[in-house]
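Good morning. I will go through one model today, starting with its core and then moving to some side-chain pairs. Please look at the sequence and the structure first.

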Amino acid sequence: MRHKCLVEILSSLLILLFVYTAVNKIIGFSSFKTVLAQSPLIGSFAAVIAWFLPLVELGTASLLFFASTRKAGFYAAACLLIVFTGYIGYMLLFSSQLPCSCGGVLKFLSWRAHLLFNVVWILVAMVGLRLMGGRQSDKYDNRK
C-alpha cells in the first residue's frame with residue numbers, strides 16, 4: 001500500500017512538472033520559438049520543436065495520469081528528462097551562447113541549477129519505475 005501511495009505521489013509530481021512546463025511554452029509560444037531558434041544545437045529545428053515539445057510533455061503527463069499507462073509514462077518522463085539534461089550538459093560544455101527557452105519560474109534558474117533540477121526529476125521518474133517494478137499496472141493497482 002505504501003508503494004502504491006508513493007507511486008501516486010511521484011506520478012502526480014511529474015504530471016505537475018510536465019503540465020506546468022508545457023502550458024508555459026504554449027502561453028509564451030512566440031518567445032519560446034524565438035529562443036529555440038537562437039540555440040546553436042537545435043536552432044534550425046525551432047519551429048518543429050516549439051510545437052512538438054509541449055505536445056510530448058502533455059502526452060507524457062497523460063500517460064502518467066492513468067494507472068494502465070503509468071509505467072509507460074514513467075519511461076517517457078525519464079527519457080524526456082534525460083534528453084533535456086543531455087541538451088543542457090552539451091550546451092554547458094560546448095556552447096558559449098546559452099539561450100534559455102524555459103518558462104515560468106524555471107527561467108530564473110542558472111544552466112547549472114537547471115542541470116541539477118533535471119537530475120532530481122530523473123531520479124523521481126526512476127524511483128517511480130523501480131517501485132512499479134516488472135508488474136503489470138492493473139495487477140499493481142489491485143495490490144494491498
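Which residues does Leu81 touch, not counting residues up to four places away in sequence? They are Leu14, Leu17, Phe18, Asn118, Trp121 and Ile122, where contact means heavy atoms within 4.5 Å.

A word on the source. This is a predicted model, in which local features need pLDDT of at least 70 and side-chain atom pairs count only at pLDDT 80 or more, while totals for chains, interfaces and linings use all residues. Residues are numbered from 1 along each chain as its sequence is written, and side-chain values use heavy atoms, with hydrogens and water left out.

Now the core. A nonpolar core is a set of buried Ala, Val, Leu, Ile, Met, Phe, Trp, Tyr and Cys residues joined through side-chain atoms within 4.5 Å. Buried means under 20% relative accessible area, exposed means over 50%, and partly exposed is in between, with a 1.4 Å probe and protein chains only. The largest nonpolar core has 31 residues, and Leu14, Phe18, Leu64, Phe74 and Leu81 touch the most other members. Two or more residues of this core come from each of α1 (2-27), α2 (29-37), α3 (46-65), α4 (70-94) and α5 (111-132). Helices here are DSSP runs of H or I, at least four residues, numbered from the N terminus.

Next, α4. Its buried residues include Arg70, Phe74, Leu81 and Tyr87, and the buried residues of α4 pack against α1, α3 and α5.

How many salt bridges does the structure hold? There are two, a salt bridge being a side-chain nitrogen of Lys or Arg within 4 Å of a carboxyl oxygen of Asp or Glu. In one, Glu8 meets Arg70 at 3.0 Å, N to O. Glu8 is in helix α1 and Arg70 in helix α4, 62 residues apart. Glu8 is partly exposed, because its relative accessibility is 32%, whereas Arg70 is buried at 6%.

The side chains of Glu57 and Lys25 also meet in a salt bridge, at 2.9 Å, N to O. Glu57 lies in helix α3 and Lys25 in helix α1, so this pair ties together parts 32 residues apart in sequence. Glu57 is buried, with a relative accessible area of 0%, and Lys25 is buried too, at 11%.

Last, the rings. The whole structure has five aromatic pairs. One of them is Tyr87 with Trp111: the centres are 6.2 Å apart and the planes at 50°, so the pair is tilted. Rings of Phe, Tyr and Trp (its six-membered ring) pair if their centres lie within 6.5 Å; planes under 30 degrees apart count as stacked, over 60 as edge-to-face and the rest as tilted.
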